[in-house]
Amino acid sequence: MSTAPTEVEQPATQTHEPTQAKYDAGTAGSDDGTTVPPRAVADYSGYKLVAAKHPWRWVGTAVVALGLAAVLWSLATNPRWEWDVVAQWFTAESVIRGLGETLKLTVIAGALGFVLGFILALMRLSASPLLVSVSWTFSWIFRSTPLLVQMLLWYNLGYLYEKVSLGIPFTSVTFFEVQTTTLISQFAAAILGLTLNQAAYSAEIIRGGILSVDQGQLEAASALGIPAWRRSTRIVLPQAMRSILPTAFNEIIGLVKGTSIVYVLAYSELFYTVQVIYNRTQQVLPLLLVATLWYIVITSVLSVFQYYIERHYAKGAVRTLPLTPLQKAKKFFTLRTTAKDLR
């Protein structure tokens, strides 16, 4: 009589080889009626878990940490940074007013630029050759000329046209007429330059996002009888937003910094205000740091908005949304607490 194989118990400290193999209970019959012997299953419970070692990762981390510490030490100990002057002017009334003008230029030019860019994108996708040509020419011209040149051209528009009038073309009927120098102020020239330049880039961003949506979905929606407006707003745009948003927010961040070019028009935005102050006090570097820090604050806030808006529109692309920074921190501390409790 044959005996069933028995399991041999291995000592817990033995880690160089697995314990004796276990066998599946029972036997199974094959297709031809013969008996199949039990299948051996290796038991790895005696192995010790050893964490993978990454020495070069630690070397790289140490080098970067050392360099970062050197930079921070230099910023803290070099008196020529004049951090007391930076703190003095950071919340000064004139600087805050300049910051408000920068934000106003960004909001107005950004909103008008993306609305006009959306119209230009639809024109570029139109079946009309005239609309396509006008949209392409607009983007070509305003993307080919520097923003500084555009600003100066709009500000000096009165040299080309003394008056701006509204009426019936090619007739003497006029409903409204005003001097160009009165209409095109520093603020108006800044808004015109920033808006039109932003619209040229926004049009290409929006057009690329719309074209990224699979055309088969539009065909399926059309076959189901869904109206064209609902196809655009419910199917195309929500999916196009995933492609549009990252580049669009980069453009907005670029617009925030691009408002500094308005200083050539002597408009009192943040950078021009800082220039006026350091020309009077001769504290050039500390005042430049004030402007730099405020630009960093604005772009950081925009980056936070970008993260959460992109996360919202990612619902249709991923089954599980990525964790927010707060959720990641909570998960990290929860795992650490659980690990301590298990020890």
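The questions and answers below go from the whole chain to single residues.

Modeller: This is a predicted model, in which local features need pLDDT of at least 70 and side-chain atom pairs count only at pLDDT 80 or more, while totals for chains, interfaces and linings use all residues. Residues are numbered from 1 along each chain as its sequence is written, and side-chain values use heavy atoms, with hydrogens and water left out.

Biologist: How many helices and strands does the protein chain have?

Modeller: Helices (H or I, at least four residues) and strands (E, at least two) are DSSP runs, numbered from the N terminus. On that basis, the protein chain has 13 helices and six strands.

Biologist: What percentage of the residues of the protein chain count as buried?

Modeller: A residue is buried at under 20% relative accessible area, exposed at over 50%, and partly exposed in between (1.4 Å probe, protein chains only). The protein chain has 343 residues, and the buried share is 27%.

Biologist: How are α3 and α11 oriented to each other?

Modeller: Axes are lines fitted to C-alpha atoms, for helices over the stretch in contact, and angles run from 0 to 180 degrees between N-to-C directions. The axes of α3 (residues 93-124) and α11 (residues 270-281) come within 7 Å and cross at roughly 155°. Angles under 35 degrees count as roughly parallel, over 145 as roughly antiparallel, 65 to 115 as roughly perpendicular and the rest as oblique. The two helices, α3 and α11, are therefore roughly antiparallel.

Biologist: Which residues of α11 make the contact with α3?

Modeller: Contact means heavy atoms within 4.5 Å. From α3 come S94, V95, G98, L99 and T102, and from α11 come L270, T273 and I277.

Biologist: Which residues have the most contacts inside the largest nonpolar core?

Modeller: A nonpolar core is a set of buried Ala, Val, Leu, Ile, Met, Phe, Trp, Tyr and Cys residues joined through side-chain atoms within 4.5 Å. The largest one has 21 residues, and those with the most contacts inside it are W89, V95 and L270.

Biologist: Which helix supplies the largest share of this core?

Modeller: At least two residues each come from α2 (83-90), α3, α10 (228-258), α11 and α12 (284-313). The largest share, eight residues, is that of α12.

Biologist: Is S260 buried or exposed?

Modeller: S260 is in the loop between α10 and α11. Leaving aside residues up to four places away in sequence, S260 touches E269, F271 and Y295. Its relative accessible area is 18%, so S260 is buried.
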